[in-house]
Amino acid sequence: MHLRVPRPRSLAGQLFAMQAVLIAVVVVGYALFSYISDRGQAEEAAGRQARAVSLAIADSPSVAEAIRTPDPTARLQPYAVRVMRDTDVDFVTIMDPEGIRWTHPDPRQIGHPFQGHIERAQRGQTFTETYTGTLGPSVRAVTPITDDGRIVGLVSAGIKVEEISKRAQEQLTALSGVAAGALLLGAVGTYVINARLRRHTHGMNADELSRMHDYHQAALHAVREGLLMLDGQYRVALINDGGRELLGVRSDVVGASVADLGLPSQLTGALLASEPRVDEVHLAAERVLVVNTSPVSGGERRGTVVTLRDVTELQSLTGELNSERGFTQALRSQAHEAANRLHTVVSLIELGRAEEAVEFATAELELAQALTDQVVAAVSEPVLAALLLGKTAQANERGVELVVSQDSRLDDGLLPPSLPARDLVTILGNLVDNAVDAAQGAVPSRVTVAAYTEEAGSGGSELVLRVCDTGAGVDPAHADLVFQRGYSTKPAGEGGRGLGLALVRQAVRRHDGTLTVTEAEGGGARFEARLPLGDAGDGGSAPAAMTGSRPGTGGAV
């Protein structure tokens, strides 16, 4: 047998119960107050009515005339009954100055003393009081009857308290009906409002909402990915720490429009799009982001949820992987060529031409060694040297000659730790790939690479990476567009075009460098990246390692 623990009442249910009780208390309290107030007003009204009736009787000439007769009761009793019927009072008692009744609603009480206070009336005063007589508690007025200045009798008119209470109860009944209607209307309104509240709170109670808020805040700050929530007007409704870091925005952006965040135009366009975006790659100021957007709707557009993932390192690794694939293809091609050359050597030996076989093999080795010596002599930094050797083989496979400028010099250990090899591979590798694509099919098909350091104007030094090609060049009007993601003069391939140069500019900006494109000598494009290295003595750099040379021969421009 399972013991079912009752679930705490939801917040909406608690509010409904509280509002219902509050309305009931207000209505009951108002009804009680109204009853007490109406009863007091009814007693005051009864006293005024009794006083008016008694004064009217005392001033009637027929009453004074009847008193002068030997038997006042004979004429006054019918008169008193008529007055009671006409004025809606419960009794009219006319008595002599000593309080002996001449009239009474109960004829058996005639001739008996009046029950009540008459002393003030005997002194000529009119007054009202509440007194319990033969008819029960009543509100009565007592006034003297005068004839030629003498008090010849007294008259009392009254209304029973029971009748007063009945009148108050009738008013209370009407008030209770109104109060019940108000309570019912309030309960219905409260139920409707709380039903809507239950839909918004999903039936959760206050503790559950509090815990959810705590979890929500903890999750926002714990998630490394960026989370951005926009309202229906594309204003920032919520952004977590990861989102601020990835987008590079200030901490007080909540309430600001997406268009005012200063983001790249394509990223801003993706955030403002009404349709969902799935795994789109966009460039921020210093990062490569994967952007996913999903509209929030509930009968109407309420906003957009945006998730951001940082794939800067992944994109760099992808570039390195593509380079490695290029190396592999180059090695495969070289292996094929080596096999052909080996077959040639073997065939020459079988034909008895050993000297020619040795001469052929030696020439091939010298050519390969000369290429390696040329690259390593110019650029002894191992990562860049390996990159250039691989790119040379790749370019050769595509019919493009890759030349390392004779003015290039970049010794091993020159680059500071603040300039990682991965960024250099991103910059130089993408520039070379772009140049090879541009030079392919041109006459001549050549790409020239220069890498050296020189003194900067601020007193420090900077690394210069220059890549020139013999292709069609870049229209000066598009000099800035070529570095934007998605811009390309080549047909779209697998995965799209226009990302390489955008990554180059991003990496250069990350190191506070500059990137320019101009027309090369003899046609084609010349891309130049300049990266600051700091003072001459920092990061292992030394004046002896910096040539400060200017490109001249070897196709460098």
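Guide: What follows is a set of questions about terms, each answered by setting a value against its definition.

Guide: This is a predicted model, in which local features need pLDDT of at least 70 and side-chain atom pairs count only at pLDDT 80 or more, while totals for chains, interfaces and linings use all residues. Residues are numbered from 1 along each chain as its sequence is written, and side-chain values use heavy atoms, with hydrogens and water left out.

Visitor: What makes β3 and β4 a pair of strands?

Guide: Two strands pair if DSSP finds at least two bridges between them, and strand β3 (residues 136-147) and strand β4 (residues 150-160) are joined in the antiparallel sense over 10 bridges. Strands here are DSSP runs of E with at least two residues, and helices are runs of H or I with at least four, numbered from the N terminus.

Visitor: Why are β1 and β2 called edge strands?

Guide: The open sheet has 4 strands in the order β1-β4-β3-β2, with antiparallel pairing, and β1 (91-95) and β2 (127-133) each pair on one side only. Neighbouring strands of this sheet are turned by 30 degrees against each other on average, direction ignored.

Visitor: How do you know whether T143 is buried or exposed?

Guide: Buried means under 20% relative accessible area, exposed over 50%, and partly exposed in between, with a 1.4 Å probe and protein chains only. T143 has 2% relative accessibility, so this residue counts as buried.

Visitor: What makes the approach of T143 and T126 a polar contact?

Guide: The term asks for a pair of N or O atoms within 3.5 Å; within protein, one must be able to donate a hydrogen and the other to accept it, and residues adjacent in sequence count only if both atoms are side-chain atoms. The side chains of T143 and T126 make such a contact at 2.6 Å.

Visitor: Why is G124 called partly exposed?

Guide: G124 has a relative accessible area of 44%, and is therefore classed as partly exposed. G124 sits in the loop between α4 (119-122) and β2, and its C-alpha atom is separated by 5.8 Å from that of P144, 20 residues apart along the chain.

Visitor: How is the crossing of α12 and α13 described?

Guide: Two packed helices are described by the angle between their axes and the distance between the axes. The axes of helix α12 (residues 421-439) and helix α13 (residues 500-510) come within 9 Å and cross at roughly 145 degrees, where axes are lines fitted to C-alpha atoms, for helices over the stretch in contact, and angles run from 0 to 180 degrees between N-to-C directions.

Visitor: Which class do Y234 and D512 fall into, buried or exposed?

Guide: Y234 has a relative accessible area of 17% and is therefore buried, whereas D512, at 66%, is exposed. Y234 has a positive phi of about 60 degrees although it is not a glycine, and for D512 the phi is likewise positive, about 60 degrees, although D512 is not a glycine. Y234 lies in the loop between β5 (226-231) and β6 (236-239), and D512 in the loop between α13 and β13 (514-519).
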